[in-house]
Amino acid sequence: MLKYLVIENKDILKEESNKIVKFRVKLLILIKKAKNILDTITDGDIFRYFIRSKSKNQLILRISIN
């Protein structure tokens, strides 16, 4: 079963990556405040972003547009 977590586009990457590990989530669903879906981000997307040595204090929205 695929687990997912709904997050807002203003959330910080470091906080969300901790949730991925804690809850063993494979998919993040990125929404706007109005609950419109903007994008989906996988755990692999986040960890590849970390490998490229980017800042962990970025907004989660920055990953979805890279």
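Two strands are taken to pair if DSSP finds at least two bridges between them. Helices (H or I, at least four residues) and strands (E, at least two) are DSSP runs, numbered from the N terminus. The structure is a predicted model, in which local features need pLDDT of at least 70 and side-chain atom pairs count only at pLDDT 80 or more, while totals for chains, interfaces and linings use all residues. Residues are numbered from 1 along each chain as its sequence is written, and side-chain values use heavy atoms, with hydrogens and water left out.

The protein contains 3 helices and 3 strands. Along the sequence they follow the pattern β-α-β-β-α-α. The protein has 66 residues, and 32% of them are buried. Here buried means under 20% relative accessible area, exposed means over 50%, and partly exposed lies in between (1.4 Å probe, protein chains only). The accessible surface comes to about 4700 Å², and carbon and sulfur atoms hold 53% of that area. Accessible areas come from the Shrake-Rupley method with a 1.4 Å probe; for residues, only the protein chains shown count as cover. Contact means heavy atoms within 4.5 Å. Among contacts between residues at least 6 apart in sequence, 42% join residues at least 24 apart.

The strands come next. Strands of a sheet pair through backbone hydrogen bonds, either parallel or antiparallel. In this protein, 3 strands form an open sheet in the order E1-E2-E3, and the pairing is mixed. Strand E1 (4-8) and E3 stand at the edges; each has a single partner strand, so one side of each lacks a neighbour in the sheet. On average, neighbouring strands are turned by 25° against each other, direction ignored. Axes are lines fitted to C-alpha atoms, for helices over the stretch in contact, and angles run from 0 to 180 degrees between N-to-C directions.

E1 and E2 run parallel and are joined by 5 bridges. Leu-5 stands opposite Leu-28 in E2. Ile-7 has Leu-30 as its bridge partner in E2. Between these two strands, the chain passes through helix H1 (residues 13-23), and this β-α-β crossover is right-handed. The term applies if, with the strands pointing away from the viewer, the path from the first strand over the helix to the second runs clockwise.

Strand E2 (residues 27-31) and strand E3 (residues 37-42) run antiparallel, again with 5 bridges between them. Leu-27 has Thr-42 as its bridge partner in E3. The hairpin of E2 and E3 has 5 residues between the strands, and Lys-35 takes a positive phi near 70° there.

Helix H2 (residues 43-51) lies across E2 and E3 and runs at about 70° to E3. Phe-47 and Phe-50 are 3 residues apart in helix H2, which means about one helical turn separates them. Rings of Phe, Tyr and Trp (its six-membered ring) pair if their centres lie within 6.5 Å; planes under 30 degrees apart count as stacked, over 60 as edge-to-face and the rest as tilted. By this rule there is 1 aromatic pair. The ring centres of Phe-47 and Phe-50 are 6.2 Å apart and their planes stand at 70°, so the pair is edge-to-face. Phe-47 is partly exposed, at a relative accessible area of 34%. Phe-50 is buried, at 19%.

Ser-17 lies in helix H1. Its relative accessibility is 7%, so Ser-17 counts as buried. Leaving aside neighbours within four places in sequence, Ser-17 is in contact with Ile-46 and Phe-50.
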